[in-house]
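Dear colleague,

I am passing on a structure that I have been going through, together with a short account of what turned up. Please look at it alongside the notes that follow.

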Amino acid sequence: MLNNARAFSGFAVDDIAAAKSFYTDALGLEVTEEEMGLLGLHLPKGPVVLIYPKPDHTPATFTILNFAVEDVEKAVDALTERGIQFLRYDGFDQDDKGIMRGNGPDIAWFTDPAGNVLSVLAES
């Protein structure tokens, strides 16, 4: 029944203008304004992800969006230069840049202005 359906995902933010600025300016992604106050986040090599406003938004406690990159360290350095701070988690062996290595793909986590957790991780 759904094998021919177009699928897409979405997530909530508490401030749509801040989200548009972050995803456009800090991450350098294409963001379009859609109907009903939604944003379309155009991912390279991927589908459009909807971002929708939710005034009482509570961020998830898990990663909602992963960006697979060729070089995690270069990505972390570039994002740090744009003002992004990387998260540190208790119990994870992360280096001084916030990158966890040697336990699966290299990965580093950060948040958007709404507190949603994102990551850059090594392409497999």
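In this predicted model, three strands form an open sheet in the order 5-7-6, and the pairing within the sheet is mixed. Strand 5 (63-69) and strand 6 (107-111) are the edge strands, each of them pairing on one side only. Between neighbouring strands of this sheet the turn is 25 degrees on average, with direction ignored.

Strand 5 and strand 7 (residues 117-122) run parallel and are joined by six bridges; within that pairing, Ala-68 has Leu-121 of strand 7 as its bridge partner. Helix 2 (residues 72-81) packs on the sheet, where it touches strand 5, strand 6 and strand 7, and the direction of helix 2 makes about 140 degrees with that of strand 7.

As for the chain as a whole, its secondary structure amounts to two helices and seven strands, and read from the N terminus the elements follow the order β-α-β-β-β-β-α-β-β. Among contacts between residues at least 6 apart in sequence, 52% join residues that are at least 24 apart.

The C-alpha trace spans about 40 × 35 × 25 Å along its principal axes. The radius of gyration is 15 Å, which agrees with a compact globule, because a globule of 124 residues would have a value near 14 Å. Of the 124 residues, 35% count as buried, while the accessible surface of the chain comes to about 7800 Å², with 51% of that area belonging to carbon and sulfur atoms.

Conventions:
Residues numbered from 1 in each chain as written. Predicted model: local features only at pLDDT ≥ 70, side-chain atom pairs only at ≥ 80, totals over all residues. Heavy atoms only, no water. Pairing = 2+ DSSP bridges. Helix = DSSP H or I, 4+ residues; strand = E, 2+ residues; numbered from the N terminus. Axes fitted to C-alpha atoms, helices over the stretch in contact; angles between N-to-C directions. Contact = heavy atoms within 4.5 Å. Rg over C-alpha atoms; globule rule 2.2 N^0.38 Å. Buried < 20%, exposed > 50% of the residue type's maximum accessible area, 1.4 Å probe, protein only. Areas by Shrake-Rupley, 256 points an atom, 1.4 Å probe, with all protein chains shown as cover.
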